[in-house]
Amino acid sequence: MHMCCGPCALYPLARLRESYERVFGFYYNPNVHPVREYERRMDTARMMAQATRLELIVRDEYDLDEFLRRVVFRENRRCAHCYHRRLEAAARTASKSGFDAFTSSLLYSKRQKHDLIAEIGESLGKKWGVAFHYEDFRRGWKEGIEASKELGLYRQEYCGCIYSEQDRFRPTARDGR
C-alpha cells in the first residue's frame, strides 16, 4: 500500500488485512513541501507502522525541484502528475517484490480526486503486471481519524505540495473561496 501519510493509512490497512495475509506499507512522497513537513510525515508514517506492526518500505527522496519542473505552467494537472509518480513507484515496487497487488491510502481521503487515482492505478497495474486493488476507503473516514488520534499521530492540514499549501493559506478566486 502506497502511504501518503500515517493517519490516512490506518483504515485502509485494517481493511487490507481482512483480504490479504501480509500487507506492506510503501512510503514515497517526494513533493511534500516544505522539507520539514516531508520529514514530519515520514516520521509519522514510521510511528504508525511501528504501532500497527506494518512492514514499511521507505523511499526517502525529497525532490521538490523535479515536481516543480514537471508541473509549472500545468498546475491544473498537478494532481495527475503527483498521483502517477507515486503510484508508479508503488506499482514498480510491488511488481519487483512479487506482491499480489498494490493500492494507495490516497483512496481514503475525501479531498483527493478518487476517480483519477483509480484510473491511474488501473493503468499502472497493467503496465507493471500487478493488480491494482481498488477500494473506496472513504467510508472509514471517521474511524481512521479516531484511530490516528488514539495513536497520537501528527495529522497534516493540507495535501502536501506547495500549491496545496498555498491554497490552504491564500485562497484565490480561482477555487471559489
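A salt bridge, for this talk, is a side-chain nitrogen of Lys or Arg within 4 Å of a carboxyl oxygen of Asp or Glu. The model is predicted, so local features need pLDDT of at least 70 and side-chain atom pairs count only at pLDDT 80 or more, while totals for chains, interfaces and linings use all residues. Residues are numbered from 1 along each chain as its sequence is written, and side-chain values use heavy atoms, with hydrogens and water left out.

By that rule, there are 12 salt bridges. I will go through some of them.

Start with Glu-18 and Arg-15. Their closest N and O atoms are 2.6 Å apart. Both residues sit in helix α1 (residues 6–19), 3 residues apart, about one turn of the helix. Helices here are DSSP runs of H or I, at least four residues, numbered from the N terminus. For accessibility, buried means under 20% relative accessible area, exposed over 50%, and partly exposed in between, with a 1.4 Å probe and protein chains only. Glu-18 is exposed at 58%, and Arg-15 is partly exposed at 25%.

Next, helix α2 (residues 35–52) holds Glu-37 and Arg-41, 4 residues apart, again about one turn. Are these two buried or exposed? Both are buried. Their salt bridge is 2.7 Å, N to O.

Then there is Arg-168 with Glu-157, at 3.3 Å, N to O. This pair links distant parts of the chain: Arg-168 is in helix α7 (residues 162–169), and Glu-157 is in the loop between α6 (141–151) and α7, 11 residues apart. Arg-168 is partly exposed at 30%, and Glu-157 is exposed at 61%.

Last, a network: Arg-15, Glu-18 and Glu-135 are joined by salt bridges that share partners.

Conventions. Helix = DSSP H or I, 4+ residues; strand = E, 2+ residues; numbered from the N terminus.
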